[in-house]
Amino acid sequence: MSELGAHNELMEKDGQYARLEKLQRQFSSIDQEQSVEPRISSVTRSSAGMRSSPAEIASPLLIEDSPTQASPHPPPSFSRLLSLNLPEWKQGIMGILSAIAFGSVQPVYALTIGGMISAFYLPSHEEMQSRIQKYCMIFIILCLVSVVLNLFQHYNFAYMGEYLTRRIRLQMLEKILSFEAAWFDEEHNSSGALCCRLSSEAAMVKSLIADRVSLLVQSTSAVTVAMVMGLVVAWKLALVMIIVQPLTILCFYTRKVLLSTMTAKFVKAQCRSTQIAVEAVYNHRIVTSFGSINKVLDIFDEAQDEPRNEARKKSWLAGIGIGSAQGLTFICWALDFWYGGKLVNAGEISAADVFKTFFILVSTGKVIAEAGSMTSDLAKGSTVVASIFSILDRKSLIQGSDEAKNSSIGTKMTGRIEMKKVDFTYPGRPDRLVLHEFSLEVKAGTSIGLVGKSGCGKSTVIALIQRFYDADKGSLKIDGVDIRLLDIGWYRRHMALVSQEPVIYSGTIRENILFGKLNASENEVVEAARAANAHEFISSLKNGYETECGDRGATISGGQRQRIVIARAIIRNPTILLLDEATSALDVQSEQLVQTALDQLMVGRTTVVVAHRLNTIWNLDSIAFISEGKVLEKGTYVHLKNKRGAFFNLVNLQST
Ligand SMILES: Nc1ncnc2c1ncn2[C@@H]1O[C@H](COP(=O)(O)OP(=O)(O)OP(=O)(O)O)[C@@H](O)[C@H]1O
Ligand SMILES: [Mg+2]
């Protein structure tokens with residue numbers, strides 16, 4: 001601390017504090033309107049854009065049912081899922097073959113047990129010994145075979161599942177990132193919900209392939225082999241046993257139907273509580289400082305009520321289902337032995353045959369039971385598969401045409417922006433017309449400032465220029481060509497945005513600057529940082545350009561973050577530069593540093609500047625005063641000031 005004292009004392013001292021105060025006055029900026037509004041506007045801003053303000057977390061909206069999805073899920077298609085796994089067909093075949101082979105191990109084992117028991121009833125001692133030795137050998141072979149087959153089966157299916165997960169995650173993320181901004185505005189597509197979907201759904205697919213499909217193949221093989229063996233050994237008894245088996249299957253089937261109707265709701269409810277948790281952790285500083293921890297915990301607890309109740313209901317049903325299936329199985333066993341005894345009595349089969357058939361077909365029952373308990377997971381899986389494909393099949397509403405892609409290659413952009421009678425409402429709030437017959441022209445290479453009250457639509461204009469949304473009516477042309485006819489990738493490559501919230505990715509400072517131009521050289525990075533007034537502070541850090549920025553840039557200050565973002569914009573060398581209150585979150589000193597960097601960056605580019613503080617825009621080529629979704633006044637700073645209209649009033653407000 002270098003100075004301490006009351007305002008007047010420090011002012012008299014004419015030290016650092018006085019200098020700061022002077023700077024502040026020079027930048028006399030905060031109009032009355034702003035002093036009331038920043039809070040409100042920052043909340044609307046973040047709730048509309050990032051959906052992360054504490055107000056939103058605490059909002060009861062979250063636990064309301066999210067709006068029903070516009071497009072219903074397509075019927076889930078496992079074959080389509082498997083087709084995504086085609087590149088791993090070799091592992092698939094290996095896995096399936098091993099599963100089939102392993103499926104037959106169980107009936108062979110049952111047959112051996114049956115034979116072994118009857119061996120003890122043999123009259124001759126020698127014969128008994130040699131028979132038992134033979135069976136023991138079979139057991140040892142079965143042991144080795146099981147180990148090898150299991151290894152193959154699990155390795156191959158896990159391999160398939162792992163690659164499928166990776167592929168699906170990548171495809172989903174690629175798809176999600178291509179969607180238009182309006183899609184992200186929807187409640188059920190918030191960052192938390194999407195994280196939950198990306199991690200849990202893709203992982204579920206893996207278990208679907210690695211565990212379920214593998215078990216299904218194995219069970220089918222076991223049941224088929226067992227039935228054939230049973231029929232060969234004692235067909236009459238086997239037939240009776242097979243006939244009663246559907247009773248057990250029916251039991252499991254009922255359970256599955258009950259469960260599958262509940263799982264969809266369950267998964268959704270769980271995602272909602274995850275969404276709340278993710279957002280609270282993401283904004284833990286705000287949540288803590290607002291003292292809203294308890295509130296968040298309450299909402300979280302409440303959101304978990306539904307999954308909890310679902311789980312309770314589910315466990316009841318599961319208990320009844322499994323219990324009755326088990327009971328039915330015992331009754332079937334009683335029937336088997338009674339009928340087997342009758343057949344032995346009648347001399348049709350031997351006691352050994354009864355044991356063999358019994359063990360073989362009982363093992364089938366067990367296999368079916370296992371497969372049956374898996375059906376609930378399959379039900380859950382089908383919901384997930386449907387949800388995954390609903391993302392993969394969705395087309396972004398904002399797409400560049402392929403035609404444009406080909407014609408745009410190598411063409412230059414001069415950067416003339418022309419908006420004509422644009423009407424715009426946000427899809428998420430159809431009742432509010434944000435822009436109404438909005439017209440504006442920015443000549444190539446010139447700068448324009450947008451001013452107006454908070455919420456008048458300045459950021460919306462910037463979003464439209466970036467084509468995050470399409471206008472409802474009217475046209476937006478770039479170099480005389482409708483923006484919808486341009487290749488969107490080509491178009492956005494000519495543009496850079498510096499917004500109020502500097503966006504920093506976790507990674508090094510160098511990597512963060514390189515995001516602006518992926519193939520830039522080391523020299524270019526340093527040059528850009530210099531131009532952004534950032535080189536000095538970066539070099540003073542211990543690791544320089546290799547300093548880790550931490551999660552969302554947590555380890556560097558706001559002003560430093562903003563200058564890194566500007567360096568990123570500089571290295572991009574954009575034709576159109578968009579500045580949305582780029583300096584308003586900074587203190588006076590860093591604002592000055594950043595402003596000098598920005599003034600240099602603007603030279604020779606089409607620049608759209610949104611600013612609350614008029615001192616940052618007086619030197620722009622023109623200024624547009626926006627009110628009620630329209631340009632009310634337009635001209636140079638001096639021209640507008642002399643006009644004594646709305647802009648003049650704003651200037652007066654700010655200079656008092
Ligand atoms: N994603 C969105 N979904 C729905 N409404 C939105 C969205 N973003 C903004 N709005 C609304 O559109 C209007 C214009 O917002 P915009 O962000 O363009 O204002 P602004 O002039 O940039 O305000 P500020 O000076 O506070 O940044 C506001 O009423 C706002 O609530
Ligand atoms: Mg704004």
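How far does a polar side-chain atom of Arg432 lie from an oxygen atom of ligand 1? I read 3.1 Å for Arg432. I note that this is a predicted model.

**Ligand 1**

I looked up the other side chains. Arg429 has a side-chain N or O atom 3.0 Å from an oxygen atom of ligand 1. For Ser459 the corresponding distance to a ligand oxygen is 2.6 Å. I then checked burial. Ligand 1 alone exposes 630 Å², and the protein buries 89% of that. Helix H3 (32–48) and helix H15 (458–465) are the elements that each give two or more residues to the shell.

I listed the shell next. It holds 19 residues, and Ser454, Gly455, Lys458, Ser459 and Thr460 come nearest. By class I get five nonpolar, seven polar and seven charged residues.

**Cavities**

I counted two cavities of 30 Å³ or more. H21 gives the most, four residues. I sorted the lining into seven nonpolar, five polar and three charged residues.

The second largest cavity has a volume of about 60 Å³. Its lining includes Leu464, Tyr469, Asp470 and Arg484. Strand S4 (residues 473–478) supplies the largest share, three residues. Here I noted five nonpolar, two polar and three charged residues.

Technical notes. Residues numbered from 1 in each chain as written. Chains lettered and ligands numbered in written order. Predicted model: local features only at pLDDT ≥ 70, side-chain atom pairs only at ≥ 80, totals over all residues. Heavy atoms only, no water. Near = heavy atom within 4 Å. Polar contact = N/O pair within 3.5 Å; in protein donor to acceptor, adjacent residues only side chain to side chain. Areas by Shrake-Rupley, 256 points an atom, 1.4 Å probe, with all protein chains shown as cover. Nonpolar A, V, L, I, M, F, W, Y, C, P; charged D, E, K, R; others polar. 1 Å grid on protein atoms, 1.4 Å probe; cavity = no way out; pocket = protein on both sides within 12 Å on 5 of 7 lines; lining within 4 Å. Points joined across faces, edges and corners; volume = space filled by probe spheres on them.
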